[in-house]
Amino acid sequence: MSHATLTPPVTPAPDAAAHPDAAAAPVTSVAPATSVEARILRLLLPYHRTTGARSADPADFPEQLCQIRQFTDAGEPVLFTLPGFPCKSPNPAKVLGHLPDEGERLSLAFLDRLCSRIGEVYAPGARILICSDGHIFGDLIHVPDEHIDAYGDALRDLIAGEGLGRLDTFDLRDVHGDLDHDTKRRLVTEAYAPSVEALRALVRSDEETARLYRGITRFLVEDTADFGGTRSALQRECRVRAYGVIARSRAWGDLIADCHPRSVRLSIHPQRPGAEKFGIRLLDAADAWSTPWHTAVLRGRGGEARLMHRAEAESRGRLVLRAGRPSHFEEWG
């Protein structure tokens with residue numbers, strides 16, 4: 001099955017492709033601009049997800065150069081870990097349902113093609129491990145565990161059905177097997193999560209953490225479709241839940257780092273140049289925080305794909321089904 005071409009989220013650097021497709025060792029030197037790790041990183045830079053100024057210079061990303069070098073020095077495939085693809089938003093005004101759709105299909109195809117492009121500059125190639133984190137905070141975001149299971153199963157079916165052979169998946173089943181979901185969440189939280197008090201202090205002192213807190217709070221407010229109280233009461237509740245989501249998200253990241261200590265750490269959250277993680281944009285969107293699981297896809301008349309809330313996409317295009325399920329919208333001709 002052929003894959004639709006993805007519209008790059010940002011303009012590629014001159015030498016980047018026009019079509020997308022144990023903690024790191026201490027940084028001891030900046031890689032030459034022509035090194036293989038710099039060439040690999042340059043393929044990612046057009047898709048850097050950040051709320052600040054973007055950089056096309058690999059030297060501004062020493063952590064990622066060091067993480068990549070662990071593999072290139074050993075002549076091994078580069079392993080990227082990406083926490084994300086948790087489940088669909090519970091707000092029907094934002095998404096088409098609780099199963100993966102065109103947004104996930106295009107995003108996964110993009111990641112697989114990105115690995116293929118890396119193989120063109122580095123023979124051992126690359127793989128991306130999709131670390132689905134829905135069960136970690138499903139109770140906090142008010143998504144039933146059975147919906148998260150269904151989403152994860154459909155995601156794996158999508159990867160297999162589309163022949164995306166450079167992608168793998170990882171979730172709580174790989175860590176704690178068949179234990180019930182509440183027990184799994186408790187075990188991960190007890191082992192890895194920072195305290196709420198520590199997070200509150202970080203929000204007060206660190207702008208990156210404060211930005212994340214504000215972004216998560218906004219998502220929680222938007223995702224709540226059936227709150228019976230006032231808007232201000234909802235915001236207060238979501239601010240409390242946001243600390244829990246961030247704590248468990250950090251716990252999940254630390255668990256991944258323990259299970260896969262040698263990896264290049266990607267993030268679906270915006271990250272500044274020089275951060276430990278590299279924020280990556282999966283599809284074009286007006287909002288740097290948008291993801292396929294919080295939005296629907298609108299296909300433009302030229303075939304380009306953009307993420308937006310379902311309600312907006314529905315007002316601008318017609319619904320398209322794939323395999324009998326709602327998939328995306330196509331802009332009115």
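This note goes through helix packing and a handful of individual residues in a predicted model.

1. **Helix α3, length and cover.** Helix α3 runs over residues 102-121. Its 20 residues should span 28 Å at 1.5 Å a residue, and the end C-alpha atoms are 29 Å apart, so the two values agree. The helix is mostly covered. Of its 20 residues, 16 are buried.

2. **The N-terminal end of α3.** Which residue caps this end of the helix? Asp 101 does. One of its side-chain oxygens lies 3.0 Å from the backbone nitrogen of Gly 103.

3. **α1 against α3.** Two packed helices are described by the angle between their axes and the distance between the axes. Helix α1 covers residues 36-44. Its axis and that of α3 come within 10 Å. They cross at roughly 150 degrees. Angles over 145 degrees count as roughly antiparallel, so that is the relation between α1 and α3. The crossing is right-handed. From α1, the residues in the contact are Val 36, Arg 39, Ile 40, Leu 43 and Leu 44. From α3, they are Leu 114, Arg 117, Ile 118 and Val 121.

4. **α3 against α5.** Here the axes are 11 Å apart, at an angle of about 50 degrees. That makes α3 oblique to α5. This crossing is right-handed. The α3 side contributes Glu 104, Arg 105 and Leu 108. The α5 side contributes Tyr 151, Leu 155, Leu 158 and Ile 159.

5. **Ser 327.** Strand β10, residues 325-331, holds Ser 327. Is Ser 327 buried or exposed? Its relative accessible area is 2%, so Ser 327 is buried.

6. **Ala 323.** The loop between β9 (317-322) and β10 contains Ala 323. Its phi is near 55 degrees, a positive value in a residue other than glycine. Relative accessibility is 79%, so Ala 323 counts as exposed.

7. **His 142.** His 142 is not a glycine, yet its phi is about 65 degrees. It lies in the loop between α4 (134-137) and α5 (145-161). At 46% relative accessibility, His 142 counts as partly exposed.

8. **Helix α9, length and cover.** This helix has 17 residues. From first C-alpha to last it reaches 24 Å, close to the 24 Å expected at 1.5 Å a residue. Which residues of α9 are buried? They are Thr 209, Ala 210, Leu 212, Tyr 213, Gly 215, Ile 216, Thr 217, Phe 219, Leu 220, Val 221 and Asp 223. Their cover includes α8 (196-205) and α10.

9. **α9 against α10.** Helix α9 (residues 207-223) packs on helix α10 (residues 231-259). The angle is about 125 degrees and the axes are 8 Å apart. The two helices are therefore oblique to each other. Their crossing is right-handed. On the α9 side, the contact is made by Thr 209, Leu 212, Tyr 213, Ile 216, Thr 217, Leu 220 and Val 221. On the α10 side, the residues include Leu 234, Cys 238, Ala 242, Tyr 243, Val 245 and Ile 246, along with Arg 231, Arg 239, Arg 241 and Arg 250.

10. **Thr 51.** This residue sits in the loop between α1 and α2 (62-72). With a relative accessible area of 39%, Thr 51 is partly exposed. Its C-alpha atom is separated by 9.8 Å from that of Glu 208, 157 residues apart along the chain. Thr 51 touches Arg 211, Pro 270 and Trp 289, not counting residues up to four places away in sequence.

11. **Arg 299.** Strand β7, residues 296-299, is the place of Arg 299. Relative accessibility is 10%, so Arg 299 counts as buried. What does its side chain reach? It reaches the backbone oxygen of Gly 303, at 2.4 Å.

Notes
Residues are numbered from 1 along each chain as its sequence is written. This is a predicted model: local features need pLDDT of at least 70, side-chain atom pairs count only at pLDDT 80 or more; totals for chains, interfaces and linings use all residues. Side-chain values use heavy atoms; hydrogens and water are left out. Helices (H or I, at least four residues) and strands (E, at least two) are DSSP runs, numbered from the N terminus. The expected span of a helix is 1.5 Å times one less than its number of residues. Buried means under 20% relative accessible area, exposed over 50%, partly exposed in between (1.4 Å probe, protein chains only). A polar contact is a pair of N or O atoms within 3.5 Å; within protein, one must be able to donate a hydrogen and the other to accept it, and residues adjacent in sequence count only if both atoms are side-chain atoms. Axes are lines fitted to C-alpha atoms, for helices over the stretch in contact, and angles run from 0 to 180 degrees between N-to-C directions. Angles under 35 degrees count as roughly parallel, over 145 as roughly antiparallel, 65 to 115 as roughly perpendicular and the rest as oblique. A crossing is left-handed if the near helix is turned anticlockwise from the far one by less than a right angle, and right-handed if clockwise. Contact means heavy atoms within 4.5 Å.
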